[in-house]
Amino acid sequence: MSKLFKILSLFIFVCFVVIAGFYLHYLQNQKEQNIKKYFDFNSELMSKSLENERANSLAIAILLSKNSNIISCYQKQNHEYCMDVAKDFVGILSQVPSYKNINIHMHNAQTQSLARSWDENKFGDNLSGFRYMLNDIKRNMQPVAGIEVGRCGYL
C-alpha cells in the first residue's frame, strides 16, 4: 500500500505541475493578448485622430483658398498684406479651442514664403528644399494634407 500511495502521490504531483504549467502559460498568453488589444486599440485611435486632423487641415486649406482676401494676397504677392490676412484668420480660427495655437504659412507657386503668421520678419525664403509636400502639390496641382517635419516644427 505504501508503494501504491507513493506512485499515486507522485502521479497527482506531476499532474498538478503539468496543470499549473498550462495555467501559467494560459495566463501569460492572456496577458500578451490583452497588451496586443491595448496597443491595437490605441493605434487605431491614433490613426483615426490623425485622419481627422488631416481632414480638418485640408478643409481649412480649401476654405481659405476660396477667400477673397487670401486670393488678393496671392495676386498682390505683398508680404505686409499677406501678414494682415494671415493674422486675421489666425484670430478667427483661434476662437475654436482645437485651433487655439494655429499658424498660417502662405507661399507662392514658386514655393517661396509670403508670410508666416508667427514670424513677421521671415519671408521670401525658398521652401522647396525641405517642404516636400509643397513640391508634390506644385507637380500634381492637387490639395494634400499630411505631417511633414520642417525647420521650425512640423506641418
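**Close-up views of a predicted model**

View 1. Within S2, His-105 has Arg-116 as its bridge partner. S1 and S2 run antiparallel and are joined by 3 bridges. The two strands make a hairpin, with 5 residues lying between them. In the turn, look for Thr-111, whose phi is positive at about 60°.

**View 2. Ser-113 and its polar partners.** With a relative accessibility of 3%, Ser-113 counts as buried. Its side chain has a polar contact of 2.9 Å with the side chain of His-105. A second polar contact, of 3.2 Å, links the side chains of Ser-113 and Arg-116. So what else does Ser-113 touch, once neighbours within four places in sequence are left aside? The contacts of Ser-113 are His-105, Met-106, His-107, Lys-122, Phe-123, Gly-124, Asp-125 and Leu-127.

View 3. His-79 is found in helix H3, which covers residues 79-93. Is His-79 buried or exposed? The relative accessible area of His-79 is 10%, so this residue counts as buried. A polar atom of the His-79 side chain lies 2.8 Å from the backbone oxygen of Leu-114. The backbone oxygen of Glu-120 also lies 2.8 Å from a polar atom of the His-79 side chain. Leaving aside sequence neighbours within four places, His-79 is in contact with Leu-114, Ala-115, Glu-120 and Phe-123.

**View 4. Helix H4 against strand S1.** Which residues of helix H4 (residues 132-140) are buried? They are Met-133, Leu-134 and Asn-135. These buried residues of H4 pack against strand S1 (105-107). Follow the chain past the end of the helix and you come to Met-141, where phi is positive, near 55°.

View 5. The structure holds 1 disulfide, and it joins Cys-73 to Cys-82 with an S to S distance of 1.9 Å. What is the handedness of this disulfide? The torsion about the S-S bond of Cys-73 and Cys-82 is about 105°, so the disulfide is right-handed. Both Cys-73 and Cys-82 are buried. For Cys-15, the relative accessibility is 28%, so that residue counts as partly exposed.

**View 6. Lys-76 over the ring of Tyr-81.** The charged end of Lys-76 sits over the ring of Tyr-81, at 4.0 Å from the ring centre.

**View 7. An edge-to-face pair of rings.** Two numbers describe a pair of aromatic rings: how far apart the centres lie and the angle between the planes. The count here comes to 2 aromatic pairs. For Tyr-38 and Phe-39, the ring centres are 5.4 Å apart and the planes stand at 80°, so this pair is edge-to-face. The angle cut-off behind that label is over 60 degrees. Tyr-38 has a relative accessibility of 52%, so it counts as exposed.

Technical notes. Residues are numbered from 1 along each chain as its sequence is written. This is a predicted model: local features need pLDDT of at least 70, side-chain atom pairs count only at pLDDT 80 or more; totals for chains, interfaces and linings use all residues. Side-chain values use heavy atoms; hydrogens and water are left out. A disulfide is a pair of cysteine sulfur atoms within 2.5 Å. Buried means under 20% relative accessible area, exposed over 50%, partly exposed in between (1.4 Å probe, protein chains only). Rings of Phe, Tyr and Trp (its six-membered ring) pair if their centres lie within 6.5 Å; planes under 30 degrees apart count as stacked, over 60 as edge-to-face and the rest as tilted. A charge sits over a ring if NZ of Lys or CZ of Arg is within 6 Å of the ring centre and within 35 degrees of the ring normal. A polar contact is a pair of N or O atoms within 3.5 Å; within protein, one must be able to donate a hydrogen and the other to accept it, and residues adjacent in sequence count only if both atoms are side-chain atoms. Contact means heavy atoms within 4.5 Å. Helices (H or I, at least four residues) and strands (E, at least two) are DSSP runs, numbered from the N terminus. Two strands pair if DSSP finds at least two bridges between them.
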